[in-house]
Amino acid sequence: MRKMKLNKKKIAAGVLALSFVLSLTGPVYPANGDHSIAVVEAAKKDKKKPKITLTGKKKLTAEVGKNVTIPKTTYSDNVTKKKKLKVAVTVKKGKKNYSDIAKKIKKATLNGKTVKVKFPEEGTYKIATTITDEAKNKA
């Protein structure tokens, strides 16, 4: 049979860690000395979508190769701070994506500004802005 040395410091640390875990998982008592079990209410899940506001017309007409001003888009959420909201912008004509135009519009949206862009060819373009909060709600 082999003898083992016990390290008192390690044992003390283990007991401390174990008691800390037990205190976290045990009942919660209020500070006023009342030892009836306190009920801790968890925060309600965020179910509201962020808000998006477009300042200006939703349908615009532009000549090919000429600048068109895209209205300012603002956004907010009831829980998530603005800096933590995810902003995505897509610009499509049919199945074709125009990522360069989308990047310009996204940058203007993040800065709360209007932006001028040129569309390369005739047709109808769909500009979509999506805002996602920390609870994964999308607008």
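## Burial and overall fold

Of the 139 residues of the chain, 20% count as buried, where buried means under 20% relative accessible area, exposed means over 50%, and partly exposed lies in between (1.4 Å probe, protein chains only). This is a predicted model, in which local features need pLDDT of at least 70 and side-chain atom pairs count only at pLDDT 80 or more, while totals for chains, interfaces and linings use all residues. Residues are numbered from 1 along each chain as its sequence is written, and side-chain values use heavy atoms, with hydrogens and water left out.

Two helices and seven strands make up the elements of the chain; helices (H or I, at least four residues) and strands (E, at least two) are DSSP runs, numbered from the N terminus. Along the sequence they follow the pattern α-β-β-β-β-β-α-β-β. A contact means heavy atoms within 4.5 Å. Among contacts between residues at least 6 apart in sequence, 60% join residues at least 24 apart.

## Confidence of the model

The predictor's confidence in each residue is given by pLDDT, on a scale from 0 to 100. The chain averages a pLDDT of 79, and 68% of the residues score at least 70.

Where pLDDT is low, the predicted coordinates should not be read in detail.

## The nonpolar core

In soluble globular proteins, nonpolar side chains tend to be buried together. A nonpolar core is here a set of buried Ala, Val, Leu, Ile, Met, Phe, Trp, Tyr and Cys residues joined through side-chain atoms within 4.5 Å. The largest such core has 17 residues, and those with the most contacts inside it are Ile 70, Val 91, Ile 101, Ile 105, Val 115, Val 117 and Phe 119. Strand 2 (67–70), strand 4, helix 2 (99–110) and strand 6 (115–118) each give two or more residues to this core. Helix 2 gives the most, with four residues.

Not counting residues up to four places away in sequence, Val 117 touches Lys 66, Asn 67, Val 68, Ile 70, Ile 101, Lys 104 and Ile 105. Thr 109 has its place in helix 2 and counts as buried because its relative accessibility is 3%. Leaving aside neighbours within four places in sequence, Thr 109 is in contact with Thr 73, Tyr 75 and Val 87.

## Aromatic rings

A pair of aromatic rings is described by the distance of the centres and the angle of the planes. Rings of Phe, Tyr and Trp (its six-membered ring) pair if their centres lie within 6.5 Å; planes under 30 degrees apart count as stacked, over 60 as edge-to-face and the rest as tilted. The structure holds two aromatic pairs. Tyr 98 and Tyr 125 are edge-to-face, with 5.2 Å from centre to centre and 65° between the planes. Tyr 98 lies in the loop between strand 5 (96–97) and helix 2, and Tyr 125 in the loop between strand 6 and strand 7 (126–132), so this pair ties together parts that are 27 residues apart in sequence.

Phe 119 and Tyr 125 form a tilted pair, 4.5 Å centre to centre with 40° between the planes. Tyr 98, Phe 119 and Tyr 125 form one aromatic cluster. Tyr 98 is buried, at 9% relative accessible area; Phe 119 is buried at 12%, and Tyr 125 is buried at 16%.

## Charged side chains

Side chains of opposite charge can pair when their charged atoms come close. A salt bridge is a side-chain nitrogen of Lys or Arg within 4 Å of a carboxyl oxygen of Asp or Glu, and the structure holds two. In one of them, the closest N and O atoms of Lys 84 and Glu 134 are 4.0 Å apart. Lys 84 lies in the loop between strand 3 (72–76) and strand 4, and Glu 134 in the segment after strand 7, so the pair ties together parts that are 50 residues apart in sequence. Lys 84 counts as exposed, at 52% relative accessibility.

Lys 93 forms a salt bridge with Glu 121, with the closest N and O atoms 2.6 Å apart. This pair links distant parts of the chain, as Lys 93 is in strand 4 and Glu 121 is in the loop between strand 6 and strand 7, 28 residues apart. Lys 93 is partly exposed at 22% relative accessibility, and Glu 121 is partly exposed at 33%.
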